[in-house]
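The sequence and structure are shown below.

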Amino acid sequence: MNLETLTPVWGDRYVDRLLDFVVPAWLSPGNIPALSKTHTVRVNFLTAAADAERILTSAVARRLSQFAEVICTPIDDLIAPGSYSVPLTLAFHRGLAGAYRPGAARHCILLNADFVISDGALRAVVAALANGARIVQATSLRVVEDQMRPRLRRYFDADGALQAPARALVGDAFDALHPTVLAARADQCAFRSPISNQFYWRVDADTMISRPFLFFALALTVDAPPPPARSYADYGMAEAIAGRGAPVVTLTDSEAFLAIELAPETQEQEYIERGALTATFAASHMSSWSTEYHRRQGQHVVTFHKGQTDCAPNPALAHSDAFVEDVLARLGTAQSDSDHPNWLAEVRAWRATQARLGRSSRPSELPDDAASATAQPHPEIRSPASGLRRLARVLLVGPDESAPRTSWQPFHLMDVEVAALLSGRRVRVFAEPGALGHIIKPSSVEAPAAPTASLIGLEMTDWFQVRFVLEIVRTSPSADAYVFVLTRRDGGAIGDSDVLRLWSMIDGWAEIVEARPLNLDADFAAARSYGRLADTARPLGDPIMTVRLLAGAVLSFLKIIVANARPSTVGPPGRASGWILRARSR
């Protein structure tokens, strides 16, 4: 059997994680060394040119080359600051297309660069392929990376392989579960998250079950050229490549396959809110993105266990069956898994960023109409809740999202101040989600082919992304002026030490000439208030809570009008919820 692993990876943080833990887990005896004894194996890292040499010359890659051919495929043309899902999907697609050989089937194993797998996990994947599966799907268990790293170090052997038995690894994961996993536990009533796509129940101290509605395609059989990508890797791409109705095997027992996802503790924490995770809540949010493909997946029960499993019926399983049945009954019309609205919107945003970076060509992985395709709005029941969501959106971004912010909208003064600094200049925009996106609208500035100024938005809770965006700016055509907008997604304070750290990172190519601390507390408070109104209000289900949310939004609206009457947003000494840095090119 011809096997090829595909792993997209770019940026220092992900490459560090890959080389420190991910590849060493592949080197455990039951993974690639075992496969190489009976199969031809190729390992393909889909990566940036700047990262390829570091990967190929690393000690773990040299060790890996004893068992498999190790190559790197460049994806520099796909990487864009602030975009992850689209480059990831297109990178996998490029790898699958490169693996195709006329007249010969190749079995591709898709491994994310933040998944640490148990010893023997890949053997289970290949066994499923050998038994006729054209698609093998599985799920992962997310953990807090900083808590998991010292536990993983215990499993390294003298040769640098990470030999983690599945049950032991589950036990460590249970002690380091990520907050987003805890918020997706349907057996507790304290916290929930609107973006949860798999739900959990604790059976006992040794066992937890999951009902995922978003399995990832772990392996595919490629015996024909893949069609252009029309959706995410986990939104039906597997069926588009392997064929609708192709044999599928779902790995549901951690003893056979276990992937631990390493994630920063703060990842997606901003979505967690107080409240019970009910079927009604889950269905109200899943209706906006789930396809028939996703809804079929909810039938599977995944078991994570650190001891022997008990075959006797248990209440957790019965509760999960009832929960899934209730969710499915409450879901609206399914989204299409081809040209999914979320995918089309992200592709348009990705193409816009590519254009700002001077990349006008369409990658071959996208169809010809990808740039102009328009997402069809999902049918929405006209209800009081939908009306409040529209009201909250108007309060936050206005009736016309392309127009400049007005005096009754949050971040209006920030918009005005930045626009004044850029007045008369041609501008190139570099924006991080949650940084520039909610402050400066894309239409506030132009992005011509030959900029004389660069506007850079930085989200200061993620230094990996900060470094990534800065490297894109540094290597882009030089500008004679730079304006940096620094914010935190949570509206927290940005300390002087953070600004000094950023200063040291740009000092070689940009000279700071002005630094303004900003007071955006009222703006962030209003944005949070409007967000709660949009996400949580249920006029019919909980009218008292809805009235409170509406009153809070009105109060925030009045506070914003008062706050925007200030002459500027300059913050008080010692407290800054935002910064504007003006710099010139060295």
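## Strand β10 and its partners

In β10, Thr207 is the bridge partner of Asp204. Strand β9 (residues 198-204) pairs with β10 in the antiparallel sense over six bridges, and the two strands form a hairpin with two residues between them. Two strands count as paired if DSSP finds at least two bridges between them. Helices (H or I, at least four residues) and strands (E, at least two) are DSSP runs, numbered from the N terminus.

Strand β10 also runs antiparallel to strand β15 (residues 302-305), to which four bridges join it. Ile209 stands opposite Thr303 in β15.

## Basis of the model

This is a predicted model, in which local features need pLDDT of at least 70 and side-chain atom pairs count only at pLDDT 80 or more, while totals for chains, interfaces and linings use all residues. Residues are numbered from 1 along each chain as its sequence is written, and side-chain values use heavy atoms, with hydrogens and water left out.

## Burial of β10

Strand β10 (residues 207-212) is mostly covered, with six of its six residues buried. Buried means under 20% relative accessible area, exposed over 50%, and partly exposed in between (1.4 Å probe, protein chains only). Thr207, Ile209 and Arg211 are buried on one side, and Met208, Ser210 and Pro212 are buried on the other.

## Leu558 in helix α20

Leu558 lies in helix α20 (residues 543-563). Leu558 is partly exposed, because its relative accessible area is 46%.
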